[in-house]
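Subject: Structure for you to look at

Dear colleague,

I am passing on a structure that I have been reading through, and I would be glad if you could look at it alongside my notes. The sequence and the coordinates come first, and what I found in them follows.

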Amino acid sequence: MNPAIVSSTYSQETARCPYCGAKTALELPVNYRPVFASCDGCAKRFIAERLAEGFQVMTEEEAPCSSNPDCREIEIGGSDEE
Ligand SMILES: [Zn+2]
């Protein structure tokens, strides 16, 4: 295992808050999992998701379940009740 690969599990990005437009730093996983970030300007929580090129940010209200970390956790948690 190359330690350089392990340490780059997240990349530092700068996004624009979907609520107020303020620039906010966030850490984006390299494995395409959506994550929550909180805005430096308005303190609201929003979702950031890596794309094939770059990344996108969206509000929790507009995010589909597949892009919502909470929703994905519920789906995964429900599947091992069987
Ligand atoms: Zn904001």
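The largest nonpolar core consists of nine residues, namely Cys 17, Leu 26, Leu 28, Cys 39, Phe 46, Ile 47, Ala 48, Val 57 and Ala 63; a nonpolar core is here a set of buried Ala, Val, Leu, Ile, Met, Phe, Trp, Tyr and Cys residues joined through C-beta atoms within 7 Å. E2 and E4 each supply at least two residues of this core, and the largest share, three residues, comes from E4. Buried means that 20 or more other C-beta atoms lie within 10 Å of the residue's own, exposed that 12 or fewer do, and partly exposed that the count falls in between, with C-beta atoms placed from the backbone.

Please keep in mind that this is a predicted model, in which local features need pLDDT of at least 70 and side-chain atom pairs count only at pLDDT 80 or more, while totals for chains, interfaces and linings use all residues. Residues are numbered from 1 along each chain as its sequence is written.

As for the overall layout, the chain has two helices and five strands, which follow one another along the sequence in the pattern α-β-β-β-β-β-α; helices (H or I, at least four residues) and strands (E, at least two) are DSSP runs, numbered from the N terminus. Of the 82 residues of the chain, 13% count as buried.

Turning to the strands, E1 (residues 10-16) and E2 pair in the antiparallel sense over seven bridges, where pairing requires that DSSP finds at least two bridges between two strands. Within this pair, Thr 14 stands opposite Ala 25 in E2, and in the hairpin that E1 and E2 form, with six residues between the strands, Gly 21 takes a positive phi near 85°. Leu 28, one of the core residues, touches Tyr 10, Ser 11, Glu 13, Val 35, Ala 48, Arg 50 and Phe 55, not counting residues up to four places away in sequence, a contact being two C-beta atoms, placed from the backbone, within 7 Å.

An open sheet of three strands has the order E3-E4-E5, with antiparallel pairing. E3 and strand E5 (55-59) stand at its edges, each with a single partner strand, so one side of each is left without a neighbour in the sheet. E3 and strand E4 (residues 45-50) pair over four bridges, and the bridge partner of Phe 36 in E4 is Ile 47.

Two loop residues deserve a look in the backbone. Most residues other than glycine have a negative phi. Tyr 32, however, which is found in the loop between strand E2 (23-29) and strand E3 (35-38), has a positive phi of about 75° although it is not a glycine. Tyr 32 is exposed, with 11 other C-beta atoms within 10 Å, and its C-alpha lies 9.7 Å from that of Ala 48, 16 residues apart in sequence. Ala 43, in the loop between E3 and E4, likewise has a positive phi, near 65°, and counts as exposed because it has 10 C-beta neighbours inside 10 Å.

With best regards
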